[in-house]
Amino acid sequence: MLRASVIVFPGSNCDRDVKVALEAITGFPVKMVWHGDASVPASDLIVLPGGFSYGDYLRCGAMAAHSPIMRDVVEKAKKGTPVLGICNGFQVLCESGLLPGVLMRNTSLHFICRDVYLKAETDKGFFTKCYRPGEVIRMPVAHAEGNFFADSETLDRLEGEGRVAFRYCDREGNVSPETGINGAQRNIAGITDETGRILGLMPHPERLYDAILGGTDGRRIFESALLSTLEAAA
Ligand SMILES: NC(=O)CC[C@H](N)C(=O)O
């Protein structure tokens with residue numbers, strides 16, 4: 001059994017996509033939870049979906065981080081409930097302090113919407129255990145503010161603790177400023193908290209979870225979550 005809840009903010013637009021992906025992959029129904037609610041039902045997994053919460057006013061994710069539901073999301077996350085933040089969800093995770101750093105405007109100042117190559121960096125962590133470190137995968141991005149920034153001390157800590165989950169790379173897996181897409185420090189596309197149970201990810205795994213969508217490289221994020229949940233229950 002996997003009880004997943006997807007938080008819906010005004011302006012979320014990938015909330016139903018992630019519900020469809022999760023239900024198809026896990027076989028269990030997913031609950032949708034409105035941002036104005038006071039609490040999230042008991043869940044094995046909370047998803048903060050992609051989109052344009054509160055119209056991206058102030059900064060992407062800044063207002064959503066202060067919505068009523070986030071008080072309970074933060075409390076549950078601190079008690080160990082796994083949280084996946086995809087794109088706008090990653091921005092909300094940073095804005096609410098569950099992950100370090102901030103997502104700034106892309107250096108190009110353009111909205112970027114295309115497939116990119118990613119290097120998987122870890123096979124540990126709730127959402128990443130089904131990837132092989134060093135593996136090159138493909139996933140779509142669609143964002144205006146994906147330029148991950150943190151001070152160098154924080155970046156070194158993230159690297160040292162194995163918390164960089166994915167980096168932008170080229171087809172061969174080379175990581176350099178040239179293979180970055182948005183100016184993100186050290187080509188970071190996704191990071192976790194210290195427990196590996198909170199993942200923030202700019203690319204959209206729910207958009208590439210089935211061959212009918214053109215690829216399956218996003219699928220293992222959800223398979224990892226299912227496997228981790230079943231292992232914890234065994
Ligand atoms: N796809 C998304 O979640 C987009 C996030 C945010 N609105 C941005 O443009 O950066």
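**Close-up views of a predicted model**

**View 1. Asn174 sits in the loop between strand S9 (164-169) and strand S10 (188-192).** Helices (H or I, at least four residues) and strands (E, at least two) are DSSP runs, numbered from the N terminus. This is a predicted model: local features need pLDDT of at least 70, side-chain atom pairs count only at pLDDT 80 or more, and totals for chains, interfaces and linings use all residues. Residues are numbered from 1 along each chain as its sequence is written. Asn174 counts as exposed because it has 12 C-beta neighbours inside 10 Å. The burial scale counts other C-beta atoms, placed from the backbone, within 10 Å of a residue's own: 20 or more is buried, 12 or fewer is exposed, and in between is partly exposed. Neighbours within four places in sequence aside, Asn174 is in contact with Cys169 and Thr179. Contact requires C-beta atoms, placed from the backbone, to lie within 7 Å. Tyr117 is 57 residues from Asn174 along the chain, and their C-alpha atoms are separated by 9.9 Å.

**View 2. Arg186 has a positive phi of about 50°, although it is not a glycine.** Arg186 belongs to the loop between S9 and S10, where Asn174 is also placed.

View 3. Along the principal axes, the C-alpha trace spans about 45 × 40 × 35 Å. Buried residues make up 53% of the 234. Of the contacts between residues at least 6 apart in sequence, 75% join residues at least 24 apart.

**View 4. The UniProt annotation "active site", from an unreviewed entry, covers Cys87, His204 and Glu206.** The three are spread over 120 residues of sequence but cluster in space, with a largest C-alpha distance of 11.0 Å. UniProt positions follow the numbering used here, feature names are shortened, and annotations may be inferred rather than shown by experiment.

**View 5. Cys87 lies in the loop between strand S4 (83-86) and helix H3 (88-95).** Cys87 counts as buried because it has 29 C-beta neighbours inside 10 Å. Beyond its neighbours within four places in sequence, Cys87 is in contact with Gly50, Ala142, His143, Met202 and His204. His204 is another residue of the "active site" annotation in UniProt.

**View 6. Glu206 is found in the loop between strand S11 (198-201) and helix H5 (219-233).** Glu206 counts as buried, with 30 C-beta neighbours inside 10 Å. Neighbours within four places in sequence aside, its contacts are Cys14, Asp17, Val18, Ala21, Ile86 and Gly218.

**View 7. Gly89 is placed in helix H3.** Gly89 is buried, with 30 other C-beta atoms within 10 Å. Leaving out neighbours within four places in sequence, Gly89 is in contact with Val47, Leu48, Pro49, Gly50 and Leu84. Gly50 is also in contact with Cys87. Gly89 and Ser53 are 36 residues apart in sequence and 9.1 Å apart in space, C-alpha to C-alpha.

**View 8. Helix H1 (residues 15-26) and H5 pack at an angle of about 60°, with their axes 10 Å apart.** H1 supplies Ala21, Leu22, Ile25 and Thr26 to the contact, and H5 supplies Arg219, Phe222, Glu223 and Leu226. Axes are lines fitted to C-alpha atoms, for helices over the stretch in contact, and angles run from 0 to 180 degrees between N-to-C directions. H1 and H5 are therefore oblique to each other. Angles under 35 degrees count as roughly parallel, over 145 as roughly antiparallel, 65 to 115 as roughly perpendicular and the rest as oblique. Ala21 of H1 is also in contact with Glu206.

**View 9. Ala225 lies in helix H5.** Ala225 counts as buried, with 27 C-beta neighbours inside 10 Å. Beyond neighbours within four places in sequence, Ala225 is in contact with Leu45, Pro82, Phe126 and Phe127. Leu213 is 12 residues from Ala225 along the chain, and their C-alpha atoms are separated by 21 Å.

**View 10. Leu58 is not a glycine, yet has a positive phi of about 70°.** Leu58 is in the loop between strand S3 (45-48) and helix H2 (68-78). Leu58 counts as exposed, with 12 C-beta neighbours inside 10 Å.

Terms used: Contact = placed C-beta atoms within 7 Å.
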